[in-house]
Amino acid sequence: MNIPPRSLRSLPPGGLVSRSGRPFPTDMTTLEVGLADRAYPIRIGKGLLSNAGELLRAKAGQRFVIVTNAIIAAHHLAPLKASLRERGAHVDVVLLPDGEAHKNQKTLDDLLTRMLEARVERATTLVALGGGVVGDIAGFAAAIYQRGIPFVQIPTTLLAQVDSSVGGKTGINHPLGKNLIGAFWQPRAVLIDIATLATLPERELRAGLAEVIKYGAIRDAQFFAWIETNMPALLAKDSAALTHAIHRSCTIKAEIVAADEREAGERALLNFGHTFGHAIEAAQGYGEWLHGEAVAAGMVCAARLSERVCGLDASETNRLVKLIAAAGLPTAPPPINAERWVELMRRDKKVERGAMRFVVLDRLGHASVLDDVPVSDVTASIAS
Ligand SMILES: NC(=O)c1ccc[n+]([C@@H]2O[C@H](COP(=O)([O-])OP(=O)(O)OC[C@H]3O[C@@H](n4cnc5c(N)ncnc54)[C@H](O)[C@@H]3O)[C@@H](O)[C@H]2O)c1
Ligand SMILES: [Zn+2]
């Protein structure tokens with residue numbers, strides 16, 4: 001895996017002082033997603049919402065449309081809006097209905113209609129303030145509204161902060177499958193304010209930890225071991241622990257996206273546990289199991305499959321199971337019969353030419369993609 005050293009830079013906060021004279025949070029760190037002319041910063045820190053105007057270089061008269069939902073707005077909208085308005089920007093807000101069940105064509109249509117009615121022009125920046133649902137819908141709206149307008153991600157769930165806000169995948173669900181309608185559309189910036197996690201329900205925090213564990217499992221054994229040691233601190237929302245976990249996760253995601261934006265190769269590794277996970281989500285009905293919960297059980301299935309098809313040591317599977325359990329996440333899928341599993345997984349978009357394609361681990365910290373995995377091995381690994 002050759003990552004050009006310049007594709008990812010850790011930029012120092014550099015003693016930045018805002019125009020209003022207020023210093024930026026000193027603990028803010030910045031990563032860069034190295035995508036040439038579409039490169040963008042990921043800023044991580046506490047209290048970034050109230051500095052958003054400066055961080056996004058908002059100008060007098062510039063228009064922003066903040067897309068969020070009522071729950072998130074109640075907790076986190078005010079400082080963001082105030083910070084943009086302080087710089088003379090014009091701010092509109094659109095509230096979406098909450099939940100995965102609303103990540104669909106109807107919600108997208110309503111959002112586009114609201115934008116057209118408000119006469120949003122192409123110079124307007126769409127700001128997604130929320131979890132993966134808000135980010136995916138708002139990002140897709142930005143991709144297709146008048147053939148594309150700028151957008152910014154301000155993720156407020158752990159899952160969105162470590163995963164969905166970075167990398168430019170946007171979209172909605174279709175009754176026939178999850179995330180089947182969408183576009184690649186990179187944000188101009190990602191602002192991760194870890195203070196927003198203070199209001200995040202515990203179940204959502206745990207779900208986000210599934211993706212954090214995933215990064216360790218596929219790419220970084222040392223990080224995996226760090227998560228094992230620091231799970232109690234992460235569950236207690238310790239700022240330093242969360243910041244490290246988010247920083248390391250975003251670094252890995254940014255590296256992979258910079259190397260393979262369109263998922264021609266390496267980016268597929270991020271789907272570890274997801275073929276099983278998507279099947280669980282579809283079988284249970286979207287929103288019944290949280291995405292992270294389904295991915296957690298899916299990673300256990302994928303590890304057992306890895307034992308069969310590429311010799312993953314059983315002791316490593318056990319470490320993964322223990323860590324997932326320590327995060328309070330499910331370590332086994334719900335009861336689904338074998339035929340249904342196969343049918344659901346064949347529906348997944350990661351099936352190519354009828355063959356089952358899986359991300360497997362040959363050891364913790366090292367994943368690869370395997371084509372032509374026999375269905376019998378897949379069903380056997382679920383049964384175990
Ligand atoms: N685009 C990608 O690359 C990508 C990657 C992974 C997941 N996803 C998508 O992300 C979605 C899941 O995202 P999610 O887990 O963030 O779920 P979510 O967006 O549904 O948010 C979870 C819940 O938490 C609430 N919430 C959000 N922030 C809060 C806060 N700070 N305080 C209190 N409540 C808050 C939300 O209103 C919601 O009820 C799925 O649709 C999944 O497909 C996309
Ligand atoms: Zn995921």
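Tutor: Helix H6 (residues 202–219) and helix H10 (residues 291–310) have axes that come within 7 Å and cross at roughly 40°. The model is predicted: local features need pLDDT of at least 70, side-chain atom pairs count only at pLDDT 80 or more, and totals for chains, interfaces and linings use all residues. Residues are numbered from 1 along each chain as its sequence is written, chains are lettered from A and ligands numbered from 1 in the order in which they are written, and side-chain values use heavy atoms, without hydrogens and water.

Student: How are helices and their axes defined?

Tutor: Helices (H or I, at least four residues) and strands (E, at least two) are DSSP runs, numbered from the N terminus. Axes are lines fitted to C-alpha atoms, for helices over the stretch in contact, and angles run from 0 to 180 degrees between N-to-C directions.

Student: What is the orientation of H6 and H10 to each other?

Tutor: Angles under 35 degrees count as roughly parallel, over 145 as roughly antiparallel, 65 to 115 as roughly perpendicular and the rest as oblique. H6 and H10 are therefore oblique to each other.

Student: Which residues are the closest to ligand 1?

Tutor: A residue is near a molecule if one of its heavy atoms lies within 4 Å of it. Here 25 residues surround ligand 1, and the closest are Glu100, Gly132, Thr156, Thr157 and Thr199.

Student: Which atoms of Val133, Lys178 and Thr196 are involved?

Tutor: For Val133, a backbone N or O atom lies 3.0 Å from an oxygen atom of ligand 1. In Lys178, a side-chain N or O atom is 2.8 Å from an oxygen atom of the ligand. A backbone N or O atom of Thr196 lies 3.0 Å from a nitrogen atom of ligand 1.

Terms used
Polar contact = N/O pair within 3.5 Å; in protein donor to acceptor, adjacent residues only side chain to side chain.
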